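Here is a short report on one protein chain. Look at the model first, then read on.

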Amino acid sequence: MVEKQQLFDRYIVPEIPLLLRVARSLTNQPADAEDLAQDTLLLAYRGITSFDGYFPRAWLLRILHNTHVSRVRRRTPLLIFGAADRDETISDPAPHVSPEDVVVDDSFDYAVEQALGMLRQPNKRVIDLVDIEGLSYAEAAIALDVPIGTVVSRLHRARKQIREHLADHGGGPHRRAHR
């Protein structure tokens with residue numbers, strides 16, 4: 001019989017970076033994401049001998065989702081929300097980058113951040129999982145515990161809102177009239 005640690009190393013360890021990224025997108029707090037990932041890994045380790053070996057990513061994401069739901073249900077509401085912990089550093093651009101490039105890049109990044117910030121949370125989570133973290137629609141559906149069709153519609157709606165925001169602020173593609 002294969003040892004528990006060998007199964008864990010084979011199926012779960014390669015998925016840890018993805019697990020952490022998905023946990024970050026679900027919690028929006030680095031410390032909460034680490035706790036969620038740790039709880040998920042502990043549950044996966046305990047249950048690894050009952051795992052059939054098929055679709056380890058989906059199995060792990062299901063554990064992550066269920067663990068997250070349980071944690072949210074138990075958590076008492078926070079009364080005070082602090083500002084986002086963000087280390088803002090200013091660095092010199094590379095020597096081959098012109099000042100115009102820096103301004104354009106920074107303004108575009110800012111417009112994208114604004115567009116993402118304006119999204120409703122369910123749509124933002126789908127963008128985080130699919131477009132930023134690179135999960136498939138099916139994997140995102142498992143992580144969010146929604147049907148794939150819901151992932152597709154939220155993704156479509158979110159991308160459209162982002163495109164419209166960028167176009168309104170001069171950063172997105174402009175549609176040309178067809179002849």
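D128 counts as buried, at 10% relative accessibility. Buried means under 20% relative accessible area, exposed over 50%, and partly exposed in between (1.4 Å probe, protein chains only). K124 is partly exposed, at 22%. The side chains of D128 and K124 meet in a salt bridge, 3.3 Å from N to O. A salt bridge here is a side-chain nitrogen of Lys or Arg within 4 Å of a carboxyl oxygen of Asp or Glu. D128 and K124 both lie in helix α6 (residues 121-132). They sit four residues apart, about one turn of the helix.

## Basis of the model

This is a predicted model: local features need pLDDT of at least 70, side-chain atom pairs count only at pLDDT 80 or more, and totals for chains, interfaces and linings use all residues. Residues are numbered from 1 along each chain as its sequence is written, and side-chain values use heavy atoms, with hydrogens and water left out.

## The chain overall

The chain has eight helices and zero strands. Helices (H or I, at least four residues) and strands (E, at least two) are DSSP runs, numbered from the N terminus. Of the 179 residues, 31% count as buried. The accessible surface comes to about 12500 Å². Carbon and sulfur atoms account for 54% of that surface. Such areas come from the Shrake-Rupley method with a 1.4 Å probe; for residues, only the protein chains shown count as cover.

Contact means heavy atoms within 4.5 Å. Among contacts between residues at least 6 apart in sequence, 67% join residues at least 24 apart.

A search of the whole structure finds five salt bridges. One of them joins E15 and R57, with the closest N and O atoms 2.9 Å apart. This pair links distant parts of the chain, 42 residues apart. E15 is in the loop between α1 (4-12) and α2 (16-27), and R57 is in helix α4 (residues 56-74).

R57 also forms a salt bridge with E139, at 3.0 Å from N to O. E139 lies in helix α7, 82 residues from R57. How accessible is each member? E15 is buried, at 12%. E139 is buried too, at 16%. R57 is partly exposed, at 31%.

## A nonpolar patch

Y137, I148 and V152 make a nonpolar surface patch of about 230 Å². Patches are made of residues with over 30% relative accessible area and no salt bridge: like charges are joined within 9 Å, nonpolar side chains (Val, Leu, Ile, Met, Phe, Trp, Tyr) within 5 Å. Y137 lies in helix α7 (residues 137-144). Y137 is partly exposed, at 33%.
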